[in-house]
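The following note sets out several points for a student to check while reading the model. Please keep the sequence and the structure in view throughout.

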Amino acid sequence: MQPTLHIIGTGPGDPELLTIKAMNVLGRCQAVVAPKGSLDGHSTALAIISQIVPVGGKEVYELFFPMKKITAGQEPCAEVREAWIDAAKKILALLDEGKDVAFPTLGDPAIYSTGYYLYETLLGLRPEVKVLFYSGISAMSSCSAETAIPICLGNEMLAVIPATFSDERIRRTLQDFDTIVLMKVHRVLERILILLKEADLLEKAVFIERAGMEGERIIRDLSELPENPHYFSTMIIRRNGQGIFC
Ligand SMILES: C[S@@+](CC[C@H](N)C(=O)[O-])C[C@H]1O[C@@H](n2cnc3c(N)ncnc32)[C@H](O)[C@@H]1O
């Protein structure tokens, strides 16, 4: 069997939200390459999986992936590109040693994840490389479950965007969609509050920090938002939300 890279969604943080499939595949991999967002920090994805799958007997590498703005279809900055290439080379070396490699990534790999950039970089270096993806429970699904707020119903339209987009794009999205999920809100809350007020949507928004994890906070009255929220923070805005659905 050709050694394979398995790109695995870990779910949003609660280790019980790792899928059985993910657990089984992780158990079979001889090596784990896990992303971390700061040079001296640790990988959150690795911390999540290691609560369920023992990694002691595996080769484990935590590699730094700088958290920089990336525009789809455009080359990233040199620092980011280098990190992708370094990770891809490390993975190729492990595959060449005959090892199956797991790359755990937060939530679902299909949503704002490093997984697909890594995939593209690997294909660029070696087109015949074998890569498989495993979906995970996304942060927005977990935020929905924890708040009992649906993401979309009936004829509603959904937009999922980072809160770091320009004011203009956020304004348009707030106007055009029924449910708006704002990811990465932690550093831009003040600006988002202004835009929500402008769109008269302050009362239709819910803030969720660390959904399903220790220290979870759900804030429905946005005048009570924390000053320094955790990176694991998301907002759900439901334009038609009424009563229990908002
Ligand atoms: C780089 S994105 C990764 C998204 C992930 N791939 C997914 O499927 O949800 C990181 C953002 O996901 C959201 N997030 C991740 N885990 C979360 C959690 N436990 N609670 C609330 N938001 C979370 C936050 O908005 C955070 O800034």
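1. Leaving aside neighbours within four places in sequence, Val101 is in contact with Leu5, His6, Cys29, Ala31, Val33, Ile91, Leu94 and Leu95. Two residues are in contact if their C-beta atoms, placed from the backbone, lie within 7 Å. This is a predicted model, in which local features need pLDDT of at least 70 and side-chain atom pairs count only at pLDDT 80 or more, while totals for chains, interfaces and linings use all residues. Residues are numbered from 1 along each chain as its sequence is written.

2. Val101 also belongs to the largest nonpolar core, which has 33 residues; Val33, Ile91, Val101 and Phe103 touch the most other members. A nonpolar core is a set of buried Ala, Val, Leu, Ile, Met, Phe, Trp, Tyr and Cys residues joined through C-beta atoms within 7 Å. A residue is buried if 20 or more other C-beta atoms lie within 10 Å of its own, exposed if 12 or fewer, and partly exposed in between, with C-beta atoms placed from the backbone.

3. Which elements give two or more residues to this core? They are strands S1 (4–9), S2 (31–36) and S4 (101–105), together with helices H1 (20–28), H2 (44–49), H3 (78–96) and H4 (115–125). H3 gives the most, with seven residues. Helices (H or I, at least four residues) and strands (E, at least two) are DSSP runs, numbered from the N terminus. A second, separate core has 23 residues, including Met140, Ile170, Ile180 and Leu182.

4. An α-helix has 3.6 residues a turn, so residues three or four places apart point the same way.

5. The protein chain is divided into domain 1 (4–134) and domain 2 (139–245), with bounds that come from an automatic or database domain assignment. Their C-alpha centres lie 27 Å apart. Seven residues from domain 1 and ten residues from domain 2 take part in the contact.

6. Where does the ligand find its surroundings? The shell around the ligand draws at least three residues from each of domain 1 and domain 2. It holds 23 residues, and the closest are Gly107, Ser138, Ala139, Met183 and Ala211; a residue is counted if its C-beta atom, placed from the backbone, lies within 6 Å of the molecule. Helix H5 (139–147) and strand S10 (233–238) each supply at least two residues of this shell, and the largest share, three residues, comes from H5.

7. Ala148 has a positive phi of about 55 degrees although it is not a glycine, and Ala148 lies in the loop between H5 and strand S6 (158–162). With 9 C-beta neighbours inside 10 Å, Ala148 counts as exposed. Lys184 likewise has a positive phi, near 50 degrees, and lies in the loop between strand S7 (179–183) and helix H7 (189–198). With 17 C-beta neighbours inside 10 Å, Lys184 counts as partly exposed.
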